[in-house]
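Please read it alongside the structure below.

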Amino acid sequence: SVFDDGDVDVRGEQTPPRSSGSARPPPDMSNPDDIPEALPTGRIKLLAFLLVFLLWVGGWGFIDQVITIVSMENSWGTLGLYLLITCLGAVGLKVIA
């Protein structure tokens, strides 16, 4: 049947019946799109997005400094290293997709 007859909760009280077609499946935390929905709304979600942004900025700054040091400020060397990082990212995404 599409409708269940309700369940008994931990206090022994009958819960109202639910339609199984309207229930949303639980989020799969291996899917990046489900992670923001799993966070509580409000300040915690905003703080989480801010912290992820700071991680991204810090990581990018680190990569930028490493490339500057390794290329010894040679413009073609810098361009080549950024191209290498871009290709590694593209290949990595293709592998895991």
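What share of the contacts in the protein with a separation of 6 or more is accounted for by residues 24 or more positions apart? The share is 0%, where contact means heavy atoms within 4.5 Å.

The model is predicted: local features need pLDDT of at least 70, side-chain atom pairs count only at pLDDT 80 or more, and totals for chains, interfaces and linings use all residues. Residues are numbered from 1 along each chain as its sequence is written, and side-chain values use heavy atoms, with hydrogens and water left out.

**Fold and surface**

The protein has 3 helices and 0 strands, in the order α-α-α along the sequence. Helices (H or I, at least four residues) and strands (E, at least two) are DSSP runs, numbered from the N terminus. Of the 97 residues, 4% count as buried; the classes are buried under 20% relative accessible area, exposed over 50%, and partly exposed in between (1.4 Å probe, protein chains only). The protein exposes about 8600 Å², of which carbon and sulfur atoms supply 69%; areas come from the Shrake-Rupley method with a 1.4 Å probe.

A nonpolar surface patch of about 820 Å² is formed by L47, L50, L51, F53, L54, W56, V57 and W60. Members of such a patch have over 30% relative accessible area and no salt bridge, and their nonpolar side chains (Val, Leu, Ile, Met, Phe, Trp, Tyr) are joined within 5 Å. A salt bridge is a side-chain nitrogen of Lys or Arg within 4 Å of a carboxyl oxygen of Asp or Glu.

Leaving aside neighbours within four places in sequence, S71 is in contact with G77, T78 and L81.

| Residue | Relative accessible area | Class |
|---|---|---|
| L47 | 44% | partly exposed |
| S71 | 8% | buried |
| M72 | 72% | exposed |
| E73 | 67% | exposed |

N74 caps the N-terminal end of helix 3, with a side-chain oxygen 3.0 Å from the backbone nitrogen of W76. Helix 3 has 22 residues and reaches 32 Å from its first C-alpha to its last, close to the 32 Å expected at 1.5 Å a residue; the expected span is 1.5 Å times one less than the number of residues.

Conventions: Patches are made of residues with over 30% relative accessible area and no salt bridge: like charges are joined within 9 Å, nonpolar side chains (Val, Leu, Ile, Met, Phe, Trp, Tyr) within 5 Å. A polar contact is a pair of N or O atoms within 3.5 Å; within protein, one must be able to donate a hydrogen and the other to accept it, and residues adjacent in sequence count only if both atoms are side-chain atoms.
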